[in-house]
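Trainee: I would like to learn how to read a structure like this one feature by feature. Could we take each general idea and then look at the case at hand?

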Amino acid sequence: MQARDRIELVQGPEAEAAARAEAARAAMALREITVSYGESPAVFSVDATFPRDSLVAIVGPNGAGKSTLLKAALGVVPRLSGTVTVFGTPLERARERVAYVPQRASVDWDFPTRVIDVVMMGLYRELGLLRLVRASHRERALACLARVGMADFATRQIGQLSGGQQQRVFLARALAQGADLYLLDEPFAGVDAATEKAIIDVLKELKGEGRTVVCVHHDLATVADYFDRVLLINTRRIAEGPVGEVFTAENLQATYGGRLASAHIDQLRLSEQR
Ligand code: ADP
Ligand code: MG
(Lines give C-alpha, C1' and ligand atoms only; values in the text may rest on other atoms or scores of the structure.)
(Ligands and ions follow the chains in the order given, each with its own letter.)
Protein backbone atom coordinates (compact mmCIF):
# COMPACT_ATOMS: atom_id res chain seq x y z
CA MET A 1 0.00 0.00 0.00
CA GLN A 2 1.23 3.50 -0.77
CA ALA A 3 1.82 5.86 2.15
CA ARG A 4 -0.87 8.16 0.80
CA ASP A 5 -3.44 5.36 0.83
CA ARG A 6 -2.69 4.60 4.44
CA ILE A 7 -3.23 8.23 5.44
CA GLU A 8 -6.56 8.23 3.64
CA LEU A 9 -7.56 5.08 5.49
CA VAL A 10 -6.79 6.63 8.87
CA GLN A 11 -8.81 9.74 8.06
CA GLY A 12 -11.59 7.98 6.18
CA PRO A 13 -14.90 6.42 7.14
CA GLU A 14 -13.26 3.99 9.54
CA ALA A 15 -11.74 6.82 11.56
CA GLU A 16 -15.10 8.60 11.58
CA ALA A 17 -16.81 5.47 12.84
CA ALA A 18 -14.15 5.09 15.54
CA ALA A 19 -14.67 8.72 16.59
CA ARG A 20 -18.44 8.17 16.76
CA ALA A 21 -17.98 5.05 18.87
CA GLU A 22 -15.64 6.92 21.20
CA ALA A 23 -18.18 9.75 21.55
CA ALA A 24 -20.91 7.23 22.38
CA ARG A 25 -18.80 5.74 25.17
CA ALA A 26 -17.70 9.08 26.61
CA ALA A 27 -19.49 11.17 29.22
CA MET A 28 -19.04 14.14 26.91
CA ALA A 29 -17.57 14.58 23.46
CA LEU A 30 -16.98 17.99 21.87
CA ARG A 31 -16.32 18.18 18.15
CA GLU A 32 -14.95 21.23 16.37
CA ILE A 33 -16.40 23.71 18.85
CA THR A 34 -15.97 27.32 17.73
CA VAL A 35 -17.29 30.30 19.71
CA SER A 36 -16.85 33.97 18.94
CA TYR A 37 -18.03 36.97 20.93
CA GLY A 38 -16.74 39.42 18.37
CA GLU A 39 -14.45 39.31 15.37
CA SER A 40 -11.92 36.72 16.49
CA PRO A 41 -12.92 33.40 18.03
CA ALA A 42 -12.53 32.82 21.78
CA VAL A 43 -12.56 29.06 21.13
CA PHE A 44 -11.51 27.70 17.77
CA SER A 45 -12.40 24.25 16.45
CA VAL A 46 -11.76 22.45 19.73
CA ASP A 47 -12.18 18.68 19.97
CA ALA A 48 -12.30 17.07 23.40
CA THR A 49 -13.43 13.75 24.84
CA PHE A 50 -14.17 13.33 28.54
CA PRO A 51 -14.34 9.58 29.21
CA ARG A 52 -16.76 8.22 31.80
CA ASP A 53 -15.32 7.62 35.24
CA SER A 54 -12.55 10.19 34.95
CA LEU A 55 -11.29 13.40 36.54
CA VAL A 56 -10.28 15.89 33.85
CA ALA A 57 -8.49 19.25 34.14
CA ILE A 58 -8.92 21.98 31.54
CA VAL A 59 -5.74 24.07 31.70
CA GLY A 60 -4.63 27.20 29.86
CA PRO A 61 -3.73 30.86 30.40
CA ASN A 62 -6.20 33.64 31.25
CA GLY A 63 -8.44 34.34 28.31
CA ALA A 64 -7.67 30.97 26.69
CA GLY A 65 -11.37 30.21 26.32
CA LYS A 66 -11.68 27.68 29.15
CA SER A 67 -14.87 29.12 30.63
CA THR A 68 -16.23 29.73 27.15
CA LEU A 69 -15.64 26.09 26.21
CA LEU A 70 -17.64 24.88 29.24
CA LYS A 71 -20.44 27.34 28.51
CA ALA A 72 -20.52 26.32 24.86
CA ALA A 73 -20.64 22.66 25.88
CA LEU A 74 -23.72 23.47 27.97
CA GLY A 75 -25.33 25.69 25.35
CA VAL A 76 -25.08 28.71 27.67
CA VAL A 77 -23.26 30.64 24.94
CA PRO A 78 -24.08 30.02 21.26
CA ARG A 79 -21.63 28.02 19.16
CA LEU A 80 -20.61 29.15 15.71
CA SER A 81 -20.05 25.50 14.89
CA GLY A 82 -19.52 22.14 16.49
CA THR A 83 -21.42 19.33 18.14
CA VAL A 84 -21.82 18.25 21.75
CA THR A 85 -22.59 14.64 22.66
CA VAL A 86 -23.44 13.73 26.25
CA PHE A 87 -23.53 10.04 27.18
CA GLY A 88 -23.95 9.20 23.53
CA THR A 89 -26.93 11.50 22.88
CA PRO A 90 -27.33 15.17 21.99
CA LEU A 91 -27.05 17.49 25.01
CA GLU A 92 -30.77 18.33 24.87
CA ARG A 93 -31.67 14.75 25.74
CA ALA A 94 -29.22 14.36 28.62
CA ARG A 95 -29.24 17.81 30.17
CA GLU A 96 -30.39 16.59 33.60
CA ARG A 97 -27.32 14.34 33.79
CA VAL A 98 -24.99 17.36 33.69
CA ALA A 99 -24.31 19.68 36.65
CA TYR A 100 -22.47 22.98 36.24
CA VAL A 101 -20.69 25.06 38.87
CA PRO A 102 -19.81 28.45 37.35
CA GLN A 103 -16.73 30.48 38.14
CA ARG A 104 -17.50 32.00 41.54
CA ALA A 105 -16.52 35.52 40.52
CA SER A 106 -19.30 35.45 37.90
CA VAL A 107 -22.10 34.99 40.46
CA ASP A 108 -23.91 37.88 42.17
CA TRP A 109 -23.96 37.09 45.88
CA ASP A 110 -26.05 40.04 47.01
CA PHE A 111 -29.48 38.46 46.61
CA PRO A 112 -30.92 37.36 49.96
CA THR A 113 -30.96 33.56 49.86
CA ARG A 114 -30.27 30.99 52.51
CA VAL A 115 -27.69 28.26 51.95
CA ILE A 116 -30.31 25.49 52.12
CA ASP A 117 -32.37 27.21 49.40
CA VAL A 118 -29.34 27.37 47.09
CA VAL A 119 -28.83 23.62 47.52
CA MET A 120 -32.56 22.96 46.97
CA MET A 121 -32.22 24.59 43.54
CA GLY A 122 -30.34 21.42 42.60
CA LEU A 123 -33.57 19.50 43.22
CA TYR A 124 -35.70 21.65 40.93
CA ARG A 125 -36.60 18.83 38.58
CA GLU A 126 -38.01 16.74 41.40
CA LEU A 127 -39.80 19.63 43.06
CA GLY A 128 -41.88 20.14 39.94
CA LEU A 129 -43.81 23.20 38.81
CA LEU A 130 -45.41 23.84 42.18
CA ARG A 131 -42.01 23.75 43.92
CA LEU A 132 -43.48 21.56 46.66
CA VAL A 133 -40.75 20.98 49.21
CA ARG A 134 -41.15 17.85 51.28
CA ALA A 135 -39.20 16.85 54.37
CA SER A 136 -37.35 14.28 52.29
CA HIS A 137 -36.11 17.00 49.92
CA ARG A 138 -34.83 19.05 52.82
CA GLU A 139 -33.07 15.99 54.21
CA ARG A 140 -31.41 15.30 50.87
CA ALA A 141 -30.23 18.90 50.63
CA LEU A 142 -28.85 18.72 54.17
CA ALA A 143 -27.05 15.47 53.36
CA CYS A 144 -25.38 17.17 50.38
CA LEU A 145 -24.32 20.07 52.61
CA ALA A 146 -22.91 17.58 55.11
CA ARG A 147 -20.93 15.93 52.33
CA VAL A 148 -19.07 19.20 51.72
CA GLY A 149 -18.75 19.97 55.46
CA MET A 150 -21.34 22.78 55.44
CA ALA A 151 -24.26 21.22 57.38
CA ASP A 152 -24.02 23.82 60.15
CA PHE A 153 -24.51 26.69 57.70
CA ALA A 154 -27.91 25.67 56.26
CA THR A 155 -29.83 28.71 57.45
CA ARG A 156 -27.11 31.31 56.85
CA GLN A 157 -27.43 33.89 54.10
CA ILE A 158 -25.22 32.87 51.18
CA GLY A 159 -23.79 36.40 50.94
CA GLN A 160 -22.38 36.11 54.46
CA LEU A 161 -20.12 33.17 53.67
CA SER A 162 -16.45 33.19 52.72
CA GLY A 163 -15.46 32.42 49.14
CA GLY A 164 -14.48 28.87 50.01
CA GLN A 165 -17.75 28.27 51.84
CA GLN A 166 -19.77 29.61 48.90
CA GLN A 167 -17.86 27.30 46.58
CA ARG A 168 -18.74 24.31 48.75
CA VAL A 169 -22.42 25.30 48.79
CA PHE A 170 -22.43 25.43 45.00
CA LEU A 171 -20.83 21.99 44.89
CA ALA A 172 -23.57 20.77 47.28
CA ARG A 173 -26.18 22.12 44.86
CA ALA A 174 -24.56 20.15 42.03
CA LEU A 175 -24.52 17.04 44.23
CA ALA A 176 -28.24 17.47 44.97
CA GLN A 177 -28.89 17.29 41.25
CA GLY A 178 -27.47 13.75 41.27
CA ALA A 179 -25.76 14.34 37.93
CA ASP A 180 -23.39 11.91 36.23
CA LEU A 181 -21.18 14.60 34.69
CA TYR A 182 -19.94 17.61 36.68
CA LEU A 183 -18.47 20.65 34.95
CA LEU A 184 -16.75 22.98 37.44
CA ASP A 185 -15.16 26.29 36.53
CA GLU A 186 -12.11 26.92 38.77
CA PRO A 187 -13.56 25.30 41.91
CA PHE A 188 -10.33 25.89 43.84
CA ALA A 189 -9.86 29.56 42.95
CA GLY A 190 -9.52 31.72 46.05
CA VAL A 191 -10.40 28.97 48.53
CA ASP A 192 -8.51 28.06 51.70
CA ALA A 193 -6.52 24.82 52.01
CA ALA A 194 -9.22 23.07 54.08
CA THR A 195 -11.85 23.84 51.44
CA GLU A 196 -9.57 22.68 48.66
CA LYS A 197 -9.09 19.37 50.48
CA ALA A 198 -12.85 19.02 51.11
CA ILE A 199 -13.65 19.70 47.46
CA ILE A 200 -11.04 17.38 45.93
CA ASP A 201 -12.12 14.60 48.30
CA VAL A 202 -15.72 14.92 47.09
CA LEU A 203 -14.60 15.04 43.44
CA LYS A 204 -12.55 11.87 43.92
CA GLU A 205 -15.56 10.21 45.59
CA LEU A 206 -17.71 11.13 42.59
CA LYS A 207 -15.18 9.51 40.30
CA GLY A 208 -15.17 6.48 42.60
CA GLU A 209 -18.92 6.24 42.00
CA GLY A 210 -18.29 6.07 38.25
CA ARG A 211 -19.12 9.71 37.57
CA THR A 212 -17.12 12.14 35.46
CA VAL A 213 -15.72 15.43 36.75
CA VAL A 214 -14.27 18.15 34.51
CA CYS A 215 -12.63 21.17 36.17
CA VAL A 216 -11.16 24.29 34.73
CA HIS A 217 -8.00 24.36 36.82
CA HIS A 218 -5.39 27.08 37.20
CA ASP A 219 -2.87 25.52 39.59
CA LEU A 220 -0.33 23.61 37.52
CA ALA A 221 1.33 22.27 40.68
CA THR A 222 -1.68 20.08 41.58
CA VAL A 223 -2.68 18.80 38.12
CA ALA A 224 -0.76 15.52 38.48
CA ASP A 225 -2.08 14.88 42.02
CA TYR A 226 -5.72 15.66 41.36
CA PHE A 227 -6.50 14.63 37.79
CA ASP A 228 -6.35 11.61 35.47
CA ARG A 229 -6.55 13.55 32.26
CA VAL A 230 -5.79 17.04 31.04
CA LEU A 231 -6.98 19.21 28.16
CA LEU A 232 -4.52 22.00 27.38
CA ILE A 233 -6.07 24.87 25.44
CA ASN A 234 -5.20 28.32 24.24
CA THR A 235 -8.14 29.20 21.97
CA ARG A 236 -7.22 26.01 20.09
CA ARG A 237 -6.66 22.62 21.59
CA ILE A 238 -2.95 22.13 22.28
CA ALA A 239 -3.08 18.58 23.69
CA GLU A 240 -5.46 16.19 25.39
CA GLY A 241 -5.04 12.85 27.13
CA PRO A 242 -3.82 11.11 30.28
CA VAL A 243 -1.81 13.44 32.54
CA GLY A 244 1.13 11.01 32.36
CA GLU A 245 1.28 11.43 28.60
CA VAL A 246 0.38 15.02 27.77
CA PHE A 247 1.32 17.09 30.84
CA THR A 248 4.80 17.77 29.48
CA ALA A 249 7.05 20.83 29.56
CA GLU A 250 6.82 21.00 25.78
CA ASN A 251 3.01 21.06 25.78
CA LEU A 252 2.94 23.63 28.59
CA GLN A 253 5.29 25.89 26.65
CA ALA A 254 3.02 25.55 23.63
CA THR A 255 0.00 26.42 25.79
CA TYR A 256 1.44 29.35 27.74
CA GLY A 257 4.07 30.57 25.32
CA GLY A 258 6.53 32.92 27.01
CA ARG A 259 4.14 33.52 29.89
CA LEU A 260 5.41 30.56 31.89
CA ALA A 261 8.96 30.83 33.19
CA SER A 262 10.99 27.66 32.68
CA ALA A 263 12.06 27.88 36.35
CA HIS A 264 8.39 27.41 37.23
CA ILE A 265 8.02 24.51 34.81
CA ASP A 266 11.06 22.82 36.40
CA GLN A 267 9.24 22.64 39.73
CA LEU A 268 6.22 20.81 38.35
CA ARG A 269 5.69 17.08 38.45
CA LEU A 270 5.65 16.62 34.71
CA SER A 271 5.48 13.51 32.65
CA GLU A 272 8.57 12.62 30.65
CA GLN A 273 8.65 13.86 27.12
CA ARG A 274 8.53 11.15 24.54
P1 ADP B 1 -10.71 31.79 30.37
O2 ADP B 1 -11.84 31.18 31.13
O3 ADP B 1 -9.79 30.78 29.76
O4 ADP B 1 -9.93 32.79 31.18
P5 ADP B 1 -12.81 33.01 28.80
O6 ADP B 1 -13.51 31.88 28.18
O7 ADP B 1 -13.46 33.65 29.97
O8 ADP B 1 -11.30 32.59 29.12
O9 ADP B 1 -12.59 34.15 27.70
C10 ADP B 1 -12.02 33.87 26.43
C11 ADP B 1 -11.99 35.17 25.64
O12 ADP B 1 -13.31 35.58 25.34
C13 ADP B 1 -11.32 36.32 26.35
O14 ADP B 1 -10.62 37.08 25.41
C15 ADP B 1 -12.46 37.10 26.93
O16 ADP B 1 -12.14 38.45 27.07
C17 ADP B 1 -13.55 36.88 25.88
N18 ADP B 1 -14.90 36.88 26.48
C19 ADP B 1 -15.35 36.05 27.44
N20 ADP B 1 -16.64 36.28 27.73
C21 ADP B 1 -17.04 37.27 26.92
C22 ADP B 1 -18.27 37.97 26.72
N23 ADP B 1 -19.37 37.66 27.42
N24 ADP B 1 -18.30 38.94 25.77
C25 ADP B 1 -17.20 39.25 25.06
N26 ADP B 1 -16.02 38.64 25.18
C27 ADP B 1 -15.91 37.66 26.10
MG1 MG C 1 -12.48 31.41 33.08
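**Reading backbone, strands and ligand**

Mentor: Let us begin with a loop residue: D53 is partly exposed, because its relative accessible area is 38%, and D53 sits in the loop that connects strand 2 (41-50) with strand 3. Please keep in mind throughout that this is a predicted model.

Trainee: What is the phi of D53, and is the value positive or negative?

Mentor: Most residues other than glycine have a negative phi. In this model D53 has a phi near 65 degrees, which is a positive value in a residue other than glycine. F87 is also a residue other than glycine with a positive phi, near 50 degrees, and F87 lies in the loop between strand 4 (81-86) and strand 5 (89-90).

Trainee: Is F87 buried or exposed?

Mentor: F87 counts as buried because its relative accessible area is 10%, and the cut-off for that word is under 20%. D53, with 38%, is partly exposed.

Trainee: How should I read a strand, and which residues of strand 7 lie on each side?

Mentor: In a regular strand the side chains alternate between the two faces of the sheet. In strand 7 (residues 181-185), 5 of the 5 residues are buried, so the strand is largely enclosed by the rest of the structure. L181, L183 and D185 are on one side, Y182 and L184 are on the other, and both faces are covered.

Trainee: Which strands pair with strand 7, and in which sense?

Mentor: Strand 6 pairs with strand 7 in the parallel sense over 4 bridges, and within that pairing Y100 stands opposite L183. Strand 8 (residues 212-216) also pairs with strand 7 in the parallel sense, over 5 bridges, and here D185 stands opposite V216.

Trainee: How do strand 9 and strand 10 run relative to each other, parallel or antiparallel?

Mentor: Strand 9 (residues 229-234) and strand 10 (residues 236-242) run antiparallel and are joined by 6 bridges. The two form a hairpin with 1 residue between them, and T235 in the turn has a positive phi of about 65 degrees. Strand 9 is also joined to strand 3 (residues 55-59) by 4 bridges, and that pair runs parallel. You can follow both pairings at L231, which is the bridge partner of I58 and stands opposite E240 in strand 10. Strand 9 is mostly covered, with 5 of its 6 residues buried.

Trainee: Turning to a helix, which residues of helix 3 are buried?

Mentor: An α-helix has 3.6 residues a turn, so residues three or four places apart point the same way. In helix 3 (residues 66-74), 8 of the 9 residues are buried, and the helix is thus mostly covered. The buried residues are K66, S67, T68, L69, L70, A72, A73 and L74. Just after helix 3, G75 takes a positive phi of about 75 degrees.

Trainee: Which residues surround ligand 1?

Mentor: The shell consists of Y37, A42, P61, N62, G63, A64, G65, K66, S67 and T68. Helix 3 gives the largest share, 3 residues, and by type the shell divides into 4 nonpolar, 5 polar and 1 charged.

Trainee: Finally, how many disulfides does the structure hold?

Mentor: A disulfide is a covalent bond between the sulfur atoms of two cysteines. This structure holds 0 disulfides. C144 counts as buried because its relative accessibility is 12%, and C215 counts as buried because its value is 0%.

How values were computed
Residues numbered from 1 in each chain as written. Chains lettered and ligands numbered in written order. Predicted model: local features only at pLDDT ≥ 70, side-chain atom pairs only at ≥ 80, totals over all residues. Heavy atoms only, no water. Buried < 20%, exposed > 50% of the residue type's maximum accessible area, 1.4 Å probe, protein only. Pairing = 2+ DSSP bridges. Near = heavy atom within 4 Å. Nonpolar A, V, L, I, M, F, W, Y, C, P; charged D, E, K, R; others polar. Disulfide = S-S within 2.5 Å.
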